[in-house]
Amino acid sequence: MQTEVIMSGFGGQGLMMIGKLLASAALEEGKNVTWLPSYGPEMRGGTANCTVVIGDKPVGSPLITSPWAAIVMNQPSLEKFAPMLRKDGILVVNSTMIPINSDRTDIRCFRIRADDLASEMGNRRSANLVMLGAYIGLEEIVSHKTLITAIEHAFAEKKKFIDVNRKTFTKGYELAKAGKSDD
Amino acid sequence: MAKVLMKGCEAIGEAAIRAGCRNFFGYPITPQTEVPEYLAKRFPEVDGSYVQAESEVAAINMLYGGAGVGKRVLTTSSSPGISLMAEGVSYIAACHLPIVFVNIVRAGPGLGGILPAQSDYLQATKGHGHGDYKLLVLAPASVQEAVDLIYEAFDLADHYLTPVMVMGDGMIGQMMEPVDLPDMRDLSDLVEKPWAATGACGRGPNIINSLYLKEDMCNANSWKLKEKADEIERKEQRSEAYACPGDVLDVLVVAYGTMARICKTAADEVKKKDKKKVGVFRPISLWPYPYEALAAEAKKAKKILVVEMSTGQMVEDVKLAVLGKKPIEFYGLTGGMVPSPDNVAHKLRSMIK
């Protein structure tokens, strides 16, 4: 069993961060994992993305051309990665920033107003956590609890952000779990 | 100790510290700048010294000095920077000094691009700088292996008194994976270096020099280097054969570094879906090249496929190992394009139909 997740958006939206959170949670649960960032020209003034591969067996290629899931926070990312998803794969869309839909009917698409929800909860910059929460709500490849621990670890030196990140993550998680797209 | 999630570059820096390295000289260049960045932050905690030199040429000459006084020294760079260091490394090799240096390869030639490549293979294995000498070159395929090889590289350098290069592509530098970090070496435990230029108190001077105006002395030094290279060739060949059970293989894929992992994924796919037998052979020491081990694996195969992120460099060594006994095909992308598992599987299918 292997799951590949691509997280993509503008530089600064925190995609690398949620990739690292997912990767550390996977490590915590004893799984094999790789985290590979884009560091090329696209990072310098365009979209930034990272790929997390989680598996029971040691991960072969850390580079993925047909991922299982994509978390997209801006429109260029949706346009780039939706066509690459495997059949029945998962697409989590930040509907605050992305008015369009993927035309694919063979994937599961979940839209969520990540920026709006994060703003309403006190910090728009936590929109990335709403997105990650939604993905874990759809497919609990690591448990909600482990991910919360990963958040607490990652923000150990910026304690004031722990609470809002925990809440925004859980908000996305609960909405997705209940199948409420809140779009 | 529990595994920690670390980026390749940072893990390389930490492994060097744990191996007893306290001196780094370097110059930033993508995709390896996180090594100097990490060490600049971490060295003060272990009483180490980090120097950002004015250029790669300066940095490698600082290593020359640091190695000459008996310290474990490290530099890291990427392709264009490694080219600039070639002259200094040749002096270091000529003087039988131990250094460890890392090339996180980016696309070339020229300024090229910052994305992963394997196009420095020939430079690393067939003669980096001028003169008769060889580098010991080790190529990790994971962050864990990068850590293990860096840790060991310092011992190999001290044992053979030679420059050791650890060569990874940009993915090895940028990827995060869980690692088990080795123990911190006790500095008082490190091998003694009576030849080091540490001040001639109570003994005659130790002279470290690579200029021989008498041709017989220069000849003798080159043969001394050759003898050492022969010993390394006998003792330090490393490789890994993946899923190559003892019978006939339809194709044996030969690849190193991250490319070997991508090829394993492709091989698994073709084995599963096409019911074909595909093995992967991964050289870990690029010099000395594991010719005998590869020849033994190649015997089982009907065909051989070499995959590299270059236009075909290691393929020359594969030909030397196989000696015309099996057909060899090559697949490669370069310039920062990385062959995907699908690309490799497609090539494999075209070979086995």
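**A helix residue and beyond**

Modeller: A:Thr146 lies in helix H5 (residues 144–154) of chain A. Helices (H or I, at least four residues) and strands (E, at least two) are DSSP runs, numbered from the N terminus. This is a predicted model: local features need pLDDT of at least 70, side-chain atom pairs count only at pLDDT 80 or more, and totals for chains, interfaces and linings use all residues. Residues are numbered from 1 along each chain as its sequence is written, chains are lettered from A and ligands numbered from 1 in the order in which they are written, and side-chain values use heavy atoms, with hydrogens and water left out.

A:Thr146 is buried, at a relative accessible area of 12%. Buried means under 20%, exposed over 50%, partly exposed in between (1.4 Å probe, protein chains only). Beyond its neighbours within four places in sequence, A:Thr146 is in contact with A:Ala25, A:Glu28 and A:Glu29. Contact means heavy atoms within 4.5 Å.

Next, a loop in chain B. B:Val338 sits between strand S14 (328–332) and helix H13 (341–352) of chain B. B:Val338 is buried too, with a relative accessible area of 16%. Residues up to four places away aside, B:Val338 touches A:Leu63 in chain A, and B:Pro116, B:Met171, B:Ile262, B:Met309, B:Leu333 and B:Asn343 in chain B. B:Glu308 is 30 residues away along the chain, yet its C-alpha atom is 8.9 Å from that of B:Val338.

Now a helix of chain B. Seven of the nine residues of H5(B), residues 86–94, are buried, so the rest of the structure largely encloses this helix. Those buried residues are B:Ala86, B:Gly88, B:Val89, B:Ser90, B:Ile92, B:Ala93 and B:Ala94. They pack against elements of chain B: helices H3 (56–68), H4 (79–84) and H9 (215–235), and strands S5 (99–105) and S7 (163–169). B:His96 follows H5(B), and its phi is positive, near 55°.

Last, a helix pair. The axes of H1(B) (residues 8–18) and H2(B) (residues 34–42) come within 7 Å and cross at roughly 45°. That makes H1(B) oblique to H2(B). Angles under 35 degrees count as roughly parallel, over 145 as roughly antiparallel, 65 to 115 as roughly perpendicular and the rest as oblique. In H1(B), B:Cys9, B:Glu10, B:Ile12, B:Gly13, B:Glu14 and B:Ile17 meet B:Glu34, B:Val35, B:Tyr38, B:Leu39 and B:Arg42 in H2(B).

Conventions
Axes fitted to C-alpha atoms, helices over the stretch in contact; angles between N-to-C directions.
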